[in-house]
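This report covers helix packing, backbone geometry and aromatic pairs. Please keep the structure open while reading.

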Amino acid sequence: GPDFIIVGAMKAGTETMVSCLRKHPEIWMPEGEDGGVAETHYFDRSLTSKKRPFPSDEKYCSYFDAQRNGKVAVVGEKTPVYMHLPSAMNRIARALPSVKIIVVLRNPVERAWSHWKYWKRDPRNFLDILGELKGSSKRSRQDVLRRGFYDEHLERIYSLFDKARVHVMIAERVWSDPVTHYNKLFEFLGVAKLAENPNIVGRRPQVRNRSSGGGKLAPEARAAVQEAYAPHNERLYDVLGYRVLEWEKNNGSTCRDKETHNKAVQNAQKKKQEGGEAEGKA
C-alpha cells in the first residue's frame, strides 16, 4: 500500500505540495487524467459506493505496490477530506497501521474563507458558517467551520497513529521557506533531500477557486470567525507544543470578549442586510 497519505487540510496548499512531491525522483503519486492531482477518496466513500475506485483494501494496496521500482522508493496519495472524517481516519488506521500521515495546516480563518469561495458561496453570507456552532447546519462534507477545528482532528490522528509517523506542516511557513520545510518532509519520508531548486518547490500556491467572485474578507467577519476559532487554536498549540505566530500576526483585529464579538457579528450582518437592500433597489 501507500507509504504516506496527505490527509488535509483542504484549501491549505496540498495540491501544490503534490505537484512538488511528484518532481522528486524517488516519489510517486497518482496523476489525474488531465495531469492534475488525483484523489482516490478510497477511505471516505461507502464500501458499496459505485464511485469507490477500488473494490477492496487488497486492490487498493496492490495499485500502489505496483508503482515501486528501482528508481521510485516511496509512493503516496492525497485526499484532504480524510482529516476531518473520523470514519475515514479509522479505516486508514485499520488498513494501513504503518502508513505515514502528512497534515498541512493553514490559518483556519483564511482556510474557511477560501473554502467558502470554493463552494461559490455569496461572500456576504460568510458568517453563516457560525451556525455550525449552534447545530443549525447539517453535518456534511461541505462543513466549512468545523474543518478548521484542527485540535480535534489532530488529537484523533494522534490517538490512531504513533506521533513519529505523523508530520505536521504549517502552510504559511512552507510558503515563506519552502526549501527548509520540504527537506524536513523529505527526511520524514526517507528520501534524499534537495538543495534549493525552483523546479521542485514553489512559494505561494496558486489556489484555484471555482467561484467567480473574490474580494477580501471584511474585518468584522474576520473578527467573528477568529473568535470562534480562538479556543480551538489554543488547544491546538498545546497539542503541537508550540504557537503558530504567523496566524496570530495575520489575523488582524481579533475579538477577545463576548461584547466585542457580538458587536462584530451585528455589524457584519447589518452590512450584509444593507447590501441586499441596495441590490433590491437596483
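At what angle do helix 5 and helix 8 pack, and how far apart are their axes? The angle is about 30 degrees, and the axes are 8 Å apart. The model is a predicted one, and the sections below start from its overall makeup before returning to this pair.

## Overall makeup

The protein has 10 helices and 5 strands. Of its 282 residues, 48% count as buried. Among contacts between residues at least 6 apart in sequence, 74% join residues at least 24 apart.

## Helix 5 and helix 8

Helix 5 spans residues 150-160 and helix 8 spans residues 219-240. Angles under 35 degrees count as roughly parallel, and helix 5 and helix 8 are therefore roughly parallel to each other.

On the helix 5 side, the residues in contact are Tyr150, Asp151, Glu152, Leu154, Glu155 and Tyr158. On the helix 8 side, they are His232, Arg235, Leu236, Val239 and Leu240. By class, this contact has 6 nonpolar, 1 polar and 4 charged residues.

## Helix 4 and helix 8

Helix 8 also packs with helix 4, which covers residues 108-118. The two axes come within 9 Å and cross at roughly 125 degrees. Helix 4 and helix 8 are therefore oblique to each other, and helix 4 passes helix 8 in a right-handed crossing.

Helix 4 contributes Pro108, Val109, Glu110 and Ala112 to the contact. Helix 8 contributes Arg222, Val225, Gln226, Tyr229 and Asn233. The class count for this contact is 5 nonpolar, 2 polar and 2 charged residues.

## Helix 1 and helix 7

Helix 1 (residues 14-22) and helix 7 (residues 178-189) have axes that come within 12 Å and cross at roughly 65 degrees. That angle makes helix 1 roughly perpendicular to helix 7. The crossing of helix 1 past helix 7 is right-handed.

Which residues make the contact of helix 1 with helix 7? Thr16, Met17, Cys20 and Leu21 come from helix 1, and Tyr182, Leu185 and Phe186 come from helix 7. By class, the contact has 6 nonpolar residues, 1 polar residue and no charged residues.

Tyr182 and Phe186 are 4 residues apart in helix 7, about one turn of the helix. Tyr182 counts as buried because its relative accessibility is 3%. Phe186 is buried too, with a relative accessible area of 1%.

## Backbone geometry in two loops

Most residues other than glycine have a negative phi, and most peptide bonds are trans. The loop between strand 1 (4-8) and helix 1 contains Ala9, and the peptide bond from Gly8 to Ala9 is cis, with omega near 5 degrees. Lys11 lies in the loop between strand 1 and helix 1. Phi of Lys11 is positive, near 65 degrees. Is Lys11 buried or exposed? At 13% relative accessibility, Lys11 counts as buried.

His41 is found in the loop between strand 2 (27-28) and helix 2 (57-65). Phi of His41 is near 55 degrees, a positive value in a residue other than glycine. With a relative accessibility of 16%, His41 counts as buried.

## Aromatic pairs and a cluster

A pair of aromatic rings is described by the distance of the centres and the angle of the planes. How many aromatic pairs are there? The count comes to 16. One of them joins Phe43 and Tyr82, an edge-to-face pair with 5.8 Å centre to centre and 75 degrees between the planes. This pair links distant parts of the chain, 39 residues apart. Phe43 lies in the loop between strand 2 and helix 2, while Tyr82 lies in the loop between strand 3 (74-78) and helix 3 (86-95). Both Phe43 and Tyr82 are buried.

Phe43 and Tyr82 also belong to one aromatic cluster.

Methods. Residues numbered from 1 in each chain as written. Predicted model: local features only at pLDDT ≥ 70, side-chain atom pairs only at ≥ 80, totals over all residues. Heavy atoms only, no water. Axes fitted to C-alpha atoms, helices over the stretch in contact; angles between N-to-C directions. Parallel < 35°, antiparallel > 145°, perpendicular 65-115°, else oblique. Contact = heavy atoms within 4.5 Å. Nonpolar A, V, L, I, M, F, W, Y, C, P; charged D, E, K, R; others polar. Left-handed = near helix turned anticlockwise from the far one by under 90°. Buried < 20%, exposed > 50% of the residue type's maximum accessible area, 1.4 Å probe, protein only. Phe/Tyr/Trp six-rings, centres within 6.5 Å; stacked < 30°, edge-to-face > 60°.
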